[in-house]
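This report is written for a reader who has not seen this structure before. Please keep the sequence and the model in view while reading.

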Amino acid sequence: MADKFQAVVIGGGPGGYVCAIRLAQLGLKTACVESRGSLGGTCLNIGCIPSKSLLNLSDEFHKVKHLSSKGIEIGDVKLNLSKMMKSKDKAVTVLTKGVEFLLKKNKVTYFKGTGSFKSKNEISIKDNQNKETIIETDKTIIATGSLPVSLPGIEFDEKIIVSSTGALKFEKVPKKMVVVGGGYIGLEMGSVWSRLGAEVHVVEFLDHITPGMDNEISIEFMKILKKQGINFHLQHKVDQIKKSNSGATISTTDKEGNIKKFECDVVLISVGRKPNTKGLNLEKIGVDLDEKNRVKTDRNFQTNQSNIYAIGDVIKGPMLAHKAEDEGIAVAEIIAGQAGHVNYD
């Protein structure tokens with residue numbers, strides 16, 4: 001017989017694991033399903049935590065390298081990128097193992113594998129050997145997060161054409177790097193590799209960076225990044241990216257129609273993220289999606305199927321970890337019969 005749970009959370013990111021823990025604390029027999037093999041989602045594994053680690057380490061390197069200009073002579077400063085990456089990976093491992101401990105401590109059953117709906121009350125879990133386990137559930141919370149978006153017709157190989165995931169794992173500092181998109185994720189990684197010695201160019205379609213942020217912040221931020229040595233090409237549209245064995249050529253057009261080409265070792269495409277709803281079999285069980293493939297929910301995070309809920313990057317709203325965490329706690333309390341809080345549009 002299949003294991004039976006009162007609640008199953010599909011996704012072990014900031015929204016999913018927080019939700020699962022809160023459900024268990026409120027007395028529900030709970031399971032959490034995560035496909036990555038480690039908990040914490042994008043944020044802990046390939047997002048905010050490793051990127052902040054590299055930002056900090058690259059900043060320390062940059063400061064030490066330029067101490068001689070302030071009268072502090074310390075000899076040649078050398079970068080050991082392999083050691084820096086190991087330090088970053090260690091920080092990630094400590095935190096992901098910590099989350100796994102929290103699930104165990106709160107008696108949440110943790111399944112490593114890819115979860116999908118077999119029916120409204122059955123979840124299929126396939127591990128990396130494609131072995132299937134089926135569990136039953138009264139309530140299911142979809143918390144599968146989001147994925148990087150590429151440009152039309154261009155696929156990530158995570159070596160020359162990379163997403164933020166690939167940009168966290170370079171084995172050597174690229175001589176020249178082009179960042180497509182002036183959002184905070186691309187600028188963060190551009191800043192890391194610029195400090196470590198890369199020539200970084202940012203190509204942005206709009207006339208400003210960090211779209212959606214306050215304009216004054218955007219202007220001041222760009223001044224800081226320019227002082228760091230990052231080059232900006234605003235109001236440039238990317239028309240084509242051609243890959244070769246040694247790098248890539250990016251063809252762009254400015255607002256006057258002038259063509260400009262960039263030769264680089266690596267190109268980071270950072271033009272946004274999309275909800276990770278593919279492969280869940282949502283169509284099979286009749287869960288409604290909107291035009292952006294986000295799960296439609298009401299103010300209580302409930303879908304059109306009364307026993308299925310969704311939180312975090314898969315629903316409407318900013319794709320931010322703390323938003324997902326807050327929604328995870330709220331939906332857990334709602335499922336347990338408490339007030340939770342209202343999800344205002």
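## The model and its parallel sheet

The structure is a predicted model. One of its sheets is open and has 5 strands, in the order β8-β15-β9-β10-β11, with parallel pairing. At the edges stand β8 (161–162) and β11 (231–234), each of which pairs on one side only. Helix α6, residues 184–195, packs on this sheet and touches β9, β10, β11 and β15 (266–269). The direction of α6 makes about 165° with that of β10.

Within the sheet, strand β9 covers residues 176–180 and strand β10 covers residues 199–204. These two strands pair in the parallel sense over 5 bridges. In general, strands of a sheet pair through backbone hydrogen bonds, in either the parallel or the antiparallel sense.

## The antiparallel sheet

Another open sheet is built from 3 strands in the order β12-β13-β14, and its pairing is antiparallel. Its edge strands are β12 (236–243) and β14 (259–264), each pairing on one side only. On average, neighbouring strands of this sheet are turned by 20° against each other, direction ignored.

Strand β13 spans residues 248–254 and pairs with β12 in the antiparallel sense over 7 bridges. In this region H236 stands opposite D254 in β13.

## Two hairpins

Strand β4 (residues 114–119) and strand β5 (residues 122–126) run antiparallel and are joined by 5 bridges. The hairpin from β4 to β5 passes through 2 residues. S119 stands opposite E122 in β5, and G115 has I125 in β5 as its bridge partner.

Strand β5 also pairs with strand β6 (residues 132–142), in the antiparallel sense and over 5 bridges. Here I125 has T133 in β6 as its bridge partner. The hairpin of β5 and β6 has 5 residues between the strands, and N130 in the turn has a positive phi of about 65°.

## A loop residue at T210

T210 lies in the loop between β10 and α7 (215–228). Is T210 buried or exposed? Its relative accessibility is 2%, so T210 counts as buried, since the cut-off for buried is under 20%.

Which residues does T210 contact, leaving aside neighbours within four places in sequence? They are G182, G183, Y184, L187, S218 and F221. For Y184, the C-alpha atom is separated from that of T210 by 5.8 Å, although the two residues are 26 residues apart along the chain.

## Aromatic pairs

The structure holds 2 aromatic pairs. F5 and F111 form an edge-to-face pair, with 6.0 Å centre to centre and 90° between the planes. F5 is in strand β1 (residues 3–10) and F111 is in strand β3 (residues 109–112), so this pair ties together parts that are 106 residues apart in sequence. F5 is buried, with a relative accessible area of 2%; F111 counts as buried at 14% relative accessibility.

F170 and W193 form a tilted pair, with 5.1 Å centre to centre and 50° between the planes. F170 lies in the loop between α5 (164–167) and β9, whereas W193 lies in helix α6, so the pair ties together parts that are 23 residues apart in sequence. F170 counts as buried at 8% relative accessibility, and W193 is buried with a relative accessible area of 0%.

## Nonpolar cores

The largest nonpolar core has 48 residues, and those with the most contacts inside it are L23, L103 and I141. Helix α1 (residues 14–25) gives the largest share of this core, 7 residues. Apart from this core lies another, of 28 residues, including M85, V179, A198 and V266.

What does L103 touch, not counting residues up to four places away in sequence? The residues are Y17, A20, I21, C32, L39, V108 and Y110.

Terms used:
Residues numbered from 1 in each chain as written. Predicted model: local features only at pLDDT ≥ 70, side-chain atom pairs only at ≥ 80, totals over all residues. Heavy atoms only, no water. Pairing = 2+ DSSP bridges. Helix = DSSP H or I, 4+ residues; strand = E, 2+ residues; numbered from the N terminus. Contact = heavy atoms within 4.5 Å. Axes fitted to C-alpha atoms, helices over the stretch in contact; angles between N-to-C directions. Buried < 20%, exposed > 50% of the residue type's maximum accessible area, 1.4 Å probe, protein only. Phe/Tyr/Trp six-rings, centres within 6.5 Å; stacked < 30°, edge-to-face > 60°. Core = buried A, V, L, I, M, F, W, Y, C linked by side-chain atoms within 4.5 Å.
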